Amino acid sequence: MELPYAEPYKIKVIENIRKSSRQEREQWIKESGYNLFKLRSDHVFIDLLTDSGTGAMSDEQWSEIMSGDESYAGSRSYFKLLDTINELLGMPYFLPTHQGRAAENVLFSALIKKGDVVPGNSHFDTTKGHIEFRKATAIDCTIDEAFDTKGLHPFKGNLDLQKLEDVFKKYQKEKIPVCIITVTCNTSGGQPVSMKNIREVSELCKKYGIKLIFDAARFAENAFFIKTREEEYKNVCIRDIVKEMFSYVDGATMSSKKDAIVNIGGFIALREKELFEKASVYNIMFEGYLTYGGLAGRDMAALSQGLWEGTNFHYLESRIGQVAYLGEKLKEYNIPIQEPTGGHAVFVDARLFLPNLPKEQFQAQTLAIELYKEGGVRGVEIGTLLADRDPQTRENRYPKLELLRLAIPRRVYTNNHMDYVAACLANIYDRRNDITTGYKIAKEAPIMRHFTVELEKM
Ligand code: F0G
């Protein structure tokens, strides 16, 4: 028989987590204004809020922490990370930053100005935020298949070349400072982008003289999907796939809190010296000197090691395998999810899950609250609350998909935890027809409201 995957690591340190009673959880979530961001983590049993900065570092990463060099300038740990980025990504220049959105802030300061347009595949919220903050517009060119959760397209993160070319034709070249491919595409469900699509987008950008960058937070998971879903890459090793992916772009912003398996960190990787020098000025201003950029030397050392571990095939096989495992469990219970499962999370289709709940009462948020009350599991709403209000009309924006995201931290939970999560959702699914009322907003911030919003039961 073919041997199944098994985690290519064993556990050396554990952290105790505590179960609570339903009564306690009902109290805690009410006190939190029915906003899961406001819960104390001690009140959560299994935390699937995010896979960002929540991974478990290896013993080798911890030993890098001890040997990090804390020199203000010219740190040995900086050069270690530089060597890794040169070798792994084939990018000659890099700037360290304290996390992904900081990399966006620095690079976009050098690139984007008022009135510009920035096409891409469903930009992540901080990316969009940094574009809109500069009075520029993010244009979503993701393929339509991404918005049908039941369709089985293997690369739902792909850009629609026609939509992209329409943008290139409609606006002058000077108005399009950059095109961004997010690998994998978080917003559409951790869905990958194929190598073919990356190559074609790159050719189109070259034809129109537009710069192309990756939002590379989950580049290694994307490479795994290229290997396993794109026929011509099945015998190519992950690191060669990564090299080829990066060969098509001019640079990248990276949140190292994802695929580099560290708790904090980010960077900008660049091919051209000119842009690097321009961005360097902003890096010094916003983040710190060029050889630390808001990070301790030890953080850069652990990050360098994490980049190697995060691109190991056997690690990725168990990582993506665990996400698929949870997805399969949910499907066994007939729970509607975004299919095929993506890289870092399972996305439950809340609109299909709660058919008797009006969209005005926040379907995905209601499901997230139910899941917490059921078993102390914390997921996150990727739906109407997150989509915010239209800046002009101030009406709620109802996104194409109303999802509950269950993001799985790297190397943290076992498949028993996944079974527990699936059982919680199955119990809710059994009584789904009784869930007919949701929540209304009691208090909200003018922008990025989902972090602080307070809700009331209808
Ligand atoms: N780009 C993508 C695709 C992301 O998913 C994130 C963060 C960022 C950029 C920003 O990076 O958090 O280091 O500043 N995503 C987290 C999440 C927060 O939960 O998906 P950051």
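Where is the place of Pro340? The place of Pro340 is in the loop that runs between α12 (313–332) and β9 (345–349). This is a predicted model. The peptide bond leading from Glu339 into Pro340 is cis, and its omega is near -10°.

**Backbone features in loops**

Val183 and Thr184 are joined by a cis peptide bond with omega of about -25°. Thr184 sits in the loop between β5 (179–182) and α7.

Phe362 calls for a check of another kind. Its phi is positive, about 65°, although Phe362 is not a glycine. To find Phe362, go to the loop between α13 (350–353) and α14 (363–375).

**The ligand site**

There are 16 residues around the ligand. Those that come nearest are Thr50, Arg101, Asp215, Ser255 and Lys258. What is the make-up of the shell in nonpolar, polar and charged residues? The shell divides into 8 polar residues, 7 charged and 1 nonpolar. Helix α4, residues 100–111, gives the most to this shell, with 3 residues.

| Side chain | Ligand atom | Distance |
|---|---|---|
| Arg101 | oxygen | 2.6 Å |
| Asp215 | nitrogen | 2.7 Å |
| Gln99 | oxygen | 2.8 Å |

Arg101 and Asp215 also belong to the residues that come nearest to the ligand. Asp215 faces a nitrogen atom of the ligand, whereas Gln99 has a polar side-chain atom 2.8 Å from an oxygen atom. How much of the accessible area of the ligand does the protein cover? On its own, the ligand has 470 Å² of accessible area, and the protein covers 93% of it.

**A helix pair**

Helix α7 spans residues 195–208, and helix α9 spans residues 238–247. The two pack together with their axes 9 Å apart. The angle between them is about 20°. Angles under 35 degrees count as roughly parallel, so α7 and α9 are roughly parallel to each other. Is the crossing of α7 and α9 left-handed or right-handed? α7 passes α9 in a left-handed crossing.

How values were computed. Residues are numbered from 1 along each chain as its sequence is written. This is a predicted model: local features need pLDDT of at least 70, side-chain atom pairs count only at pLDDT 80 or more; totals for chains, interfaces and linings use all residues. Side-chain values use heavy atoms; hydrogens and water are left out. A residue is near a molecule or strand if one of its heavy atoms lies within 4 Å of it. A polar contact is a pair of N or O atoms within 3.5 Å; within protein, one must be able to donate a hydrogen and the other to accept it, and residues adjacent in sequence count only if both atoms are side-chain atoms. Accessible areas come from the Shrake-Rupley method with a 1.4 Å probe; for residues, only the protein chains shown count as cover. Helices (H or I, at least four residues) and strands (E, at least two) are DSSP runs, numbered from the N terminus. Ala, Val, Leu, Ile, Met, Phe, Trp, Tyr, Cys and Pro count as nonpolar, Asp, Glu, Lys and Arg as charged, and the others, Gly among them, as polar. Axes are lines fitted to C-alpha atoms, for helices over the stretch in contact, and angles run from 0 to 180 degrees between N-to-C directions. Angles under 35 degrees count as roughly parallel, over 145 as roughly antiparallel, 65 to 115 as roughly perpendicular and the rest as oblique. A crossing is left-handed if the near helix is turned anticlockwise from the far one by less than a right angle, and right-handed if clockwise.
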